[in-house]
Amino acid sequence: MKPPAPLPLWPLALLAALLPLAGTALAFVLSVRLGLIPDCNPFLDGCVSISRAGRHGLPNILFRALLLPAAVLQALCWMLCTPWLHTLGRGATRTARVLPWLGLAAGICLVLYGSFLGTEGEGYRFMRRYGTALYFGLTCIGMLLLAQAVRQAQVHGVALALLLPCAGLPLLGLAHVLLPLVWHDPAAKDVLENVTEWWGGALFTAFFGALAWGWWRTRFRLRPEAAP
């Protein structure tokens with residue numbers, strides 16, 4: 001029997017990038033039109049967090065409907081990075097062994113955050129504070145590890161595409177630490193956290209988009225075996 005044709009895997013990474021982008025954009029636009037949040041540029045004004053944009057009503061339903069499958073897809077992409085690194089000659093490294101666990105933990109944090117979004121009480125506040133922090137932190141670590149591994153594999157164009165979103169992470173960290181030393185207004189802390197959250201989400205979207213391009217560029221495919 002002729003073996004099945006290999007299946008390209010780059011659409012999975014592309015969906016992992018586009019689903020949370022679409023969910024966030026839809027929730028923000030609908031929340032503005034419904035009068036739930038102010039009409040502003042969240043990347044500059046920091047007037048609203050991503051969570052608040054998708055916390056109530058129809059925006060909440062749409063946001064969670066796209067965020068939860070995106071969390072599963074992102075975790076799956078991190079798991080697939082191990083066989084991808086294997087095809088690049090970096091499959092036996094510690095990074096290749098660690099990435100699936102980092103991705104699984106990040107995906108679980110994102111699922112819990114999306115599941116609690118829109119609820120009230122201490123449970124939501126806990127997930128808002130620690131769930132998002134863990135998701136952002138674990139994803140940042142995974143981004144840096146994968147970009148470095150691809151660079152060491154000397155796939156230079158793909159490595160550069162993955163490193164560019166990573167370059168914005170230290171800038172966000174410095175802004176988060178240094179700007180409160182200049183802005184003493186308590187409201188400035190909320191604005192800074194909101195701006196950091198929006199730009200961090202944009203960097204994650206860019207990274208998974210770059211990962212999709214890297215999988216397409218290196219012809220990373222699933223090769224199912226034919227049944228006997």
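**Contacts along the chain**

I looked first at sequence separation among contacts, where a contact means heavy atoms within 4.5 Å. Of the contacts in the protein with a separation of 6 or more, 78% are between residues 24 or more positions apart. I note that this is a predicted model, in which local features need pLDDT of at least 70, side-chain atom pairs count only at pLDDT 80 or more, and totals for chains, interfaces and linings use all residues. Residues are numbered from 1 along each chain as its sequence is written, and side-chain values use heavy atoms, with hydrogens and water left out.

**Secondary structure and surface**

I took helices (H or I, at least four residues) and strands (E, at least two) as DSSP runs, numbered from the N terminus. The protein has eight helices and two strands, and along the sequence I read the pattern β-α-α-α-α-α-α-α-α-β.

I then turned to burial, with buried meaning under 20% relative accessible area, exposed over 50%, and partly exposed in between (1.4 Å probe, protein chains only). Of the 228 residues, 41% count as buried.

**Cysteines**

I searched for disulfides, defined as pairs of cysteine sulfur atoms within 2.5 Å. A disulfide is a covalent bond between the sulfur atoms of two cysteines. The structure holds one, formed by Cys 40 and Cys 47 with their sulfur atoms 1.5 Å apart. Cys 40 is buried at 17% relative accessibility, whereas Cys 47 is partly exposed at 24%.

**Second largest pocket**

I examined the second largest pocket, which holds about 430 Å³ of space. Of its 27 lining residues, Pro 20, Thr 24, Ile 50, Gly 201 and Ala 202 are the closest to its centre. Two or more lining residues come from each of several elements, among them H1 (10-33), H4 (57-87) and H8 (186-217). H1 gives the most, with eight residues.

For the search, a pocket is an open set of points on a 1 Å grid over the protein atoms alone, where a 1.4 Å probe fits, with protein on both sides within 12 Å along at least five of seven lines; lining residues have an atom within 4 Å of a point. Grid points are joined across faces, edges and corners, and the volume is the space filled by probe spheres set on the points.

I sorted the lining into 20 nonpolar residues, six polar and one charged. Ala, Val, Leu, Ile, Met, Phe, Trp, Tyr, Cys and Pro count as nonpolar, Asp, Glu, Lys and Arg as charged, and the others, Gly among them, as polar.

Thr 205 lies in helix H8. I found its C-alpha 9.2 Å from that of Leu 19, 186 residues away in sequence. Beyond four places in sequence, Thr 205 is in contact with Ala 17 and Leu 21.

I placed Val 158 in helix H7 (residues 156-182), where Val 158 is buried at 1% relative accessibility. Its contacts beyond four places in sequence include Trp 84, Val 150 and Trp 213. Trp 213 is 55 residues from Val 158 in sequence, with 7.7 Å between their C-alpha atoms.
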